[in-house]
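Open the model in the viewer and keep the selection panel at hand. The stops below go from strand to strand and then to the side chains.

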Amino acid sequence: MRRIWTVELRPQAGGPALVCPSCTAQTFPLQASSTRSAALSHLACHARVDALPPHLRSCQCRLRGCVWHPRHRGCAGRVLLALTRDRSGRTWRLADACAACAAATSHTAVVPDTLLSPHRPAASAPVRPRVHGDEPHRVREMLTHLASALGCVTSPAARLLALQCALRADTHGCARLPAGLLRGMRLNRHTEAWQELVQDGWLDLPDPRAAPLQVRLLDDAALNQGPGRSARRRAAHWALQPTSLIVPEVPPRCGKR
């Protein structure tokens, strides 16, 4: 079964529009401040509606001759949902791909199954306040978005800064990171990490020597979050706790003593 969904964000005179070849009504008007978020939500809706058991899913990249990535050794690993965007950020694709093909495709992030749960509220439903303790889910969602929004060679330090900025930003996309917070993250002197985010076009850094450091996010989709700033700040704090980093135990290899 074909499991490839693609949407395109097109600028129009009356405002941006989302174009989906898989829908009967192919064009949907959007608000300029929520274009990328609407694209991701639309793709997720298709994946929920066309859900398949794991044993029936196959690598769609292989069926197309593996034209989405440079040549590698071949398909391998589990079949995952891979989210890919083009360089301009206007075209987004969600498709089944094996772990090897997903890793070889640039501007691609793996979408966790938890983000496609059928019990998640629809985009048009009223947003319910999230209860305390939902921080891991919020951090996981933002990391999934950043995996496709940032460059494939973005360093872990820059990704951590992007996560903190996205979760701490206000409604205007402005975030303030106190010097003490950066020292606690051991990133107060890592100006090269900030330059990575600037070069990716993800944020604007007026003065890298200011204290507190103030940045302005250029990623509209990262700003379209709910419900409130206090909940996002709790998630940002949780992401810095050592207990939040749980490394799964690796089973011993067969035959190795």
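Start by selecting Glu8 and Thr91: in β5, Thr91 is the bridge partner of Glu8. This is a predicted model, in which local features need pLDDT of at least 70 and side-chain atom pairs count only at pLDDT 80 or more, while totals for chains, interfaces and linings use all residues. Residues are numbered from 1 along each chain as its sequence is written, and side-chain values use heavy atoms, with hydrogens and water left out.

Strands here are DSSP runs (E, at least two residues), as are helices (H or I, at least four), both numbered from the N terminus. Two strands pair if DSSP finds at least two bridges between them.

Now show the whole of β1, residues 4-10, with β5; the two pair in the antiparallel sense over five bridges. In β2, Val19 stands opposite Glu8. Follow the chain from β1 to β2: the two form a hairpin with six residues between them, and Gly15 in the turn has a positive phi of about 125°.

Zoom out to the sheet. Six strands make up an open sheet in the order β3-β2-β1-β5-β4-β6, with antiparallel pairing. The edges are β3 (27-29) and β6 (108-110); each has a single partner strand, so one side of each is left without a neighbour in the sheet. From one strand to the next the twist averages 25°. Angles run from 0 to 180 degrees between N-to-C directions, and axes are lines fitted to C-alpha atoms, for helices over the stretch in contact.

Next select β4 (residues 79-85) with β6: they run antiparallel and are joined by three bridges.

Turn to the charged side chains. A salt bridge is a side-chain nitrogen of Lys or Arg within 4 Å of a carboxyl oxygen of Asp or Glu; by this rule the count comes to five. Accessibility is given as relative accessible area: buried is under 20%, exposed over 50%, and partly exposed in between (1.4 Å probe, protein chains only).

Go back to Glu8, which forms a salt bridge with Arg10, the closest N and O atoms being 3.2 Å apart. Glu8 is partly exposed at 28%, and Arg10 is partly exposed at 39%.

Then select Arg234 and Glu135, a salt bridge with its closest N and O atoms 3.4 Å apart. Arg234 lies in helix α9 (residues 229-239) and Glu135 in helix α4, so the pair ties together parts that are 99 residues apart in sequence. Is Glu135 buried or exposed? Glu135 is buried, at 8%, whereas Arg234 is partly exposed, at 32%.

Move on to Asp204 and Arg216, whose side chains meet in a salt bridge at 3.8 Å, N to O. Asp204 belongs to strand β8 (residues 203-204) and Arg216 to strand β9 (residues 213-217), 12 residues apart. Finally for this group, display Arg3, Arg57 and Asp96, which salt bridges with shared partners join into one network.

The last stop is Trp68. The charged end of Arg93 sits over the ring of Trp68, 3.8 Å from its centre. A charge counts as over a ring if NZ of Lys or CZ of Arg is within 6 Å of the ring centre and within 35 degrees of the ring normal.
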